[in-house]
Amino acid sequence: MTWFVYMALCADKSLYTGITTDVKRRFAEHKAGIGAKYTRAKRIVKILYTEKRKTRGSALKREMEIKGWNREKKLKLIESR
């Protein structure tokens, strides 16, 4: 199974990072208010970045790495794609 790490833009211009096996489905869930409390409160706008991972463990590890970065570093990653 393929896993994805993704970053999304929220209405308040904040960035949300998460993992999923289906980016389109997860985006729809966020838009519907299902799942993460953060995106329910901040209202997700669009997916800015995705990255494939082979396992859930590697996706979680990468998610935690990206969540530890400052906004500038996250934006540089998004721009590099």
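**Helix α4.** I looked up which residues of α4 (residues 71-79) are buried, and found Lys74, Leu77 and Ile78. Buried here is under 20% relative accessible area, exposed is over 50%, and partly exposed lies in between, with a 1.4 Å probe and protein chains only. Helices are DSSP runs of H or I of at least four residues, strands are runs of E of at least two, and both are numbered from the N terminus. On the face turned away from the buried side I found the exposed residues Glu72, Lys76 and Glu79.

**Source of the model.** The model is predicted: local features need pLDDT of at least 70, side-chain atom pairs count only at pLDDT 80 or more, and totals for chains, interfaces and linings use all residues. Residues are numbered from 1 along each chain as its sequence is written, and side-chain values use heavy atoms, with hydrogens and water left out.

**Surroundings of α4.** I checked what the buried residues of α4 pack against: β1, β2, β3 (44-53) and α3 (56-67). Contact means heavy atoms within 4.5 Å. α4 lies across β1, β2 and β3 and runs at about 60° to β2. Axes are lines fitted to C-alpha atoms, for helices over the stretch in contact, and angles run from 0 to 180 degrees between N-to-C directions. Helix α1 (residues 23-31) also lies across β1, β2 and β3, running at about 150° to β3.

**Sheet.** I read the strand order as β2-β1-β3, an open sheet of 3 strands with antiparallel pairing. The edge strands are β2 and β3, each pairing on one side only. Two strands pair if DSSP finds at least two bridges between them. I found 8 bridges between β1 and β3 and 6 between β1 and β2. Ala8 stands opposite Tyr16 in β2, and Cys10 stands opposite Ile44 in β3.

**Strand β2.** I looked at how β2 is covered. 6 of the 6 residues of β2 are buried, so the strand is largely enclosed by the rest of the structure. Leu15, Thr17 and Ile19 are on one side, and Tyr16, Gly18 and Thr20 on the other.

**Ser14.** Ser14 lies in the loop between β1 (3-10) and β2 (15-20). I found Ser14 buried, with a relative accessible area of 12%. A polar contact of 2.8 Å joins the side chains of Ser14 and Tyr38. A polar contact is a pair of N or O atoms within 3.5 Å; within protein, one must be able to donate a hydrogen and the other to accept it, and residues adjacent in sequence count only if both atoms are side-chain atoms.

**Core.** I looked up the largest nonpolar core and found 12 residues in all, among them Trp3, Leu15, Trp69, Leu77 and Ile78. A nonpolar core is a set of buried Ala, Val, Leu, Ile, Met, Phe, Trp, Tyr and Cys residues joined through side-chain atoms within 4.5 Å. The largest share, 4 residues, comes from β1.
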